[in-house]
Each structure stands twice: as C-alpha cells, then as structure tokens.
Amino acid sequence: MTLMHLNGTALWSSLIPVLQTVYIFCTLFIAAYSFGYFVLIVQFLLHRRDSLPHDDLKIYPTLLVQLPLYNEKHVVERLLAAVNRLDYPRDRLTVQVLDDSTDDTSALVAERVAALARRGLNIVHIRRADRTGYKAGALAYGLTLADAEFIAVFDADFVPPRGFLKRTLPYFQTNPRVGIVQARWGSLNAGDSLLTQAQALSIDAHFLIEQTARSRSNFLLTFSGTSGLWRRACIDDAGGWAWDTLTEDLDLSYRAQLKGWQCLCLPDLVVPGEVPPQIDAYRSQQARWSKGTNQVLLKLFPKLWGRELTLMQRLMALHHLGQYLPAPVLLVMFLLTPPLLVNRALSGLPFTSILALVGLAPPLMHVLAQMTLQRRWLRSLRALPVVLLLGSGMVWNNSRAAFAAFGGSLRGRPGEFIRTPKFGRNWASSGYALVRWSAWGELAMLVYALYGVWVALYYAPPVTPYLLLYALSYGLVVYWSARDRWQVVQARRAAPA
C-alpha cells in the first residue's frame, strides 16, 4: 500500500465527521422548513371560514387592464375576447395590450385591437422599441401612459371571468390600506396529461391552502404575476415595477407590504390559465421562479428586520421567500447519502424517521385542498404520486437556478427573463415548443440514484426507498423530456413544407 493511498484514506476518514455534520444540518433544515407548512395547514383550518369584509360596489373608479404579451399568437385572441366581456362601465375602463412580440403575434393583435375599438372598447396596442425590463419594463412603461386609480394584470394564457372587476374592487373601497387583491388560479388544460394534472393539484394546494392561510393570518404573501388587481397608489408608494429580479411580482408585492399595504387572496374567485404541457417548458418555468425567488430573498432579507413585523410574520416571510432553498439542501443530502452509506456513517442518525415525518406536509396540503374543493376528492388525487415524483425530479433543475441566483446577485446580473411558452392546443406542432433535449443533469442524477440504490441495498436497506424515489423521479423527467422531444420532431416532420 503506497504512502499516497494511505494519505488519501486518512484524508477521507477525516472528512467523514464533517460530511456527517453537513448531513445533520441539512436534515434539520428540511425538518424546520417543512414545519412551516404544518403551520400553514393549521392556520388554514383555523381561518378557512373567515369572511373578508367588503361593501357593495357603489362607485366605479377609473381602471386600467394591462395585458403583457411576448409571442402569444395561440392564446391572445382568447384573452382579448375575455377582457372584452368584462362587466365594467366602458367609460371608466382602459385596456393596454403591452406587446413586445417579435413574431406575427403583433399583426394578429393589431387586427383584433382595431376590431374591439370599433365596438366601443377603449383599448390601445402598445409596442416598445426593445424589451428593456421584460414584463416588468412593459408594465412600468404602460403606467406612464395612464393615470387610472386601479390596475388589473392578466397574462396571455389566463381567461378572467366576466365579473372579475366587480368582485375585487369592493375590498379596496372597504379598506383604504388594501393595495393588492389576488384571485386563485385555475387550470384550463388540467386533463391533458399526468403532467398537467400534477401541476393543477399543486396550484390548488398553493392558492387554496398556502395563499389563503397567509392572507387570513396577516402573513406576507405574493401577487402571483397575473389575475390580480392593484391600487395605483400602492404601486407608486412601493417604488414601482423593477427588473433587478426575475420575479417582479413577488418583489413588488413584498415591497408594498413592507410599506404597510395589505394583500388579500380570494380563494373563491378563480381565473383559469394554461399550465405547461411540455416538461421542458415546465422545467424552464420552475428554474425562473427558483432563481427569481432567491433573488428577492437576497434583495429584501435586510428589510424584513427593518419594518415593524411580528416575529411570526418575519419567520413566515422567510419561509415564503426561501421556498426554493430546500432544493439545493436536498441535492446535497442526496449526493452525500451513498458515500456516507459506504462508510457506515449514517447509522445512528434519525435520518429515515425525520424525513418520513416532515415529508407528510406537502401531500397533506394537496389532500386538504382537494377535500375542500371536490366532493369526490379521492378521484382528483390520482395524480398525487406524480406530484411527489415531479417535486423530487425538479431538485437538480431548481438547485442550479438557485446557485445561479446567488452567483448572479453577487455580480449584479439578474439574468434573462425566459418566458414560458403558451400553446393553446396541439403544443407539439407549435413553433413555440422547445426542441433541444436538455435533461442531461437529470440523466446524470438518475445514474447516480441507481448507484445509490445498489449501495443502500448492501449497506442500509431501510434507506433504499429514499434513493429509489429519486431514481423514479429523475427517470420520469428524463423519460418525459425524451418523449416530448420525439413528439415535437415527429410533428415538425409531418408539417407541410
């Protein structure tokens, strides 16, 4: 045995206690973070029957509807038709189509806007010279051209119900400190596939349980980028739209609440939208949300301690802004598990029992959401296993985005806003479908997870299900990514030249 080998063995042996400490810290972090979800579940159960005070709508203030677009030809006509149906006096309503498109969406929008204007809708088609600030820049530019008292924002793939404005405005008139009213998202295409069903379940749990609990417990929450109404004075007081993060909605809504404005969530008002039917589009969306949310955490963390918030409000705000931090922590635990097993360094740690206990929180939120929404709630939970697999399968993707957020913030670069493509129907034949297969990281994690399963079977069989879960999760993402790319390639080959 060489001296180099002996030194290497000694070095590795000295690292084991350090890796054990890191592992224990990660386990405790995940346990503490998951406990926050139990807090939200309890708060929801305590406040789910609370009613928010509001008066009947007596006056009709000036109102601006902003529709930010970027290459949305498959869904924009549906959006414009829905906005045209909004029940509100035409002389008090202005609609801005903030169109930064670079394809034939603009020609389609120009035609539809002209037709709606002839029918009496006060609607304008606004084009900028460039996409400075992306969506946030478009919203900010639109505000310089109007002076309405209230601002509604709808993304291109959402379909606001006819009574949206009359159902949200009364809350502002009842309480002058209400700055934001957020509706619950629904899903237009939940039944298309297991992927869309899983996303719909997650959306229900987020808006019905988490957002409702935060709103009614006086915790800070977020405007979710669309399907909400703003008081113009609130936007101005908070400093307006900014584009130094990729989640401008979370940033502005938190800045507004730190200024003393209130944000309300209305779980009974549903605005359906489209969820990504392509796994790579979903991965891209999740990466943007992970990166942007961590950017807001870094930006606003000091301000959480400068405002007079209660300790519980601060802790739950950190829980909210840190919602993507568990991804890199879970990634570290996953990567450390096989080598620690080989060195029998996990024996005696309360690893399996802690993870099993804290892992109950997310599925419990989904079950509670469906029990609240559906009579036949068991049927709606058929996609729950896919939700759990998808969550684990996004750990690599969201961890990369989180690391990019911290690195970019140090350099002062928020990064490019990569829009989530909207397809309407027949997504595979759409020119917006993502073709490049990019799940190489997940493929590497799949191979490593299978190695971990083999190690666990030999050294610690009780840990096998944990690593098998990751193998199935990454395998699902890899399979979907390959399948979706094949569908896109086949659709484009079949398209007429």
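The lining of the largest cavity divides into 5 nonpolar, 2 polar and 2 charged residues. Here Ala, Val, Leu, Ile, Met, Phe, Trp, Tyr, Cys and Pro count as nonpolar, Asp, Glu, Lys and Arg as charged, and the others, Gly among them, as polar. The model is predicted: local features need pLDDT of at least 70, side-chain atom pairs count only at pLDDT 80 or more, and totals for chains, interfaces and linings use all residues. Residues are numbered from 1 along each chain as its sequence is written, and side-chain values use heavy atoms, with hydrogens and water left out.

The residues that line this cavity are G133, Y134, K135, A136, W243, T245, L246, E248 and F417. Helix 4 (residues 134–143) gives the largest share, 3 residues. Helices (H or I, at least four residues) and strands (E, at least two) are DSSP runs, numbered from the N terminus. The volume of the largest cavity is about 40 Å³. The whole structure holds 1 cavity of 30 Å³ or more. On a 1 Å grid over the protein atoms alone, a cavity is a set of points where a 1.4 Å probe fits but cannot get out; a pocket is an open set with protein on both sides within 12 Å along at least five of seven lines; lining residues have an atom within 4 Å of a point. Grid points are joined across faces, edges and corners, and a volume is the space filled by probe spheres set on the points.

Now the second largest pocket. This pocket contains about 670 Å³ of space. Its lining has 24 residues, of which S284, A287, N397, R400 and I418 lie nearest its centre. Helix 9 (279–300), helix 16 (395–411) and helix 17 (440–459) each supply at least two lining residues. Helix 9 has the largest share, with 6. By class, the pocket lining has 11 nonpolar, 4 polar and 9 charged residues.

Charge pairing comes next. Side chains of opposite charge can pair when their charged atoms come close. The whole structure has 16 salt bridges, each a side-chain nitrogen of Lys or Arg within 4 Å of a carboxyl oxygen of Asp or Glu. One of them joins E72 and R419 at 3.3 Å, N to O. This pair links distant parts of the chain, 347 residues apart: E72 sits in the loop between strand 1 (63–69) and helix 2 (76–84), R419 in the loop between helix 16 and helix 17. E72 counts as buried because its relative accessibility is 4%. R419 is buried too, at 15%. Buried means under 20% relative accessible area, exposed over 50%, and partly exposed in between (1.4 Å probe, protein chains only).

D100 and R128 form another salt bridge, with the closest N and O atoms 2.7 Å apart. D100 lies in the loop between strand 2 (93–99) and helix 3 (105–118), and R128 in the loop between strand 3 (123–127) and helix 4. Both residues are buried.

K299 and D251 meet at 2.9 Å, N to O. K299 belongs to helix 9 and D251 to helix 8 (residues 248–258), 48 residues apart. K299 is partly exposed, with a relative accessible area of 25%. D251, at 0%, counts as buried. A network of salt bridges links D244, D251, R255 and K299.
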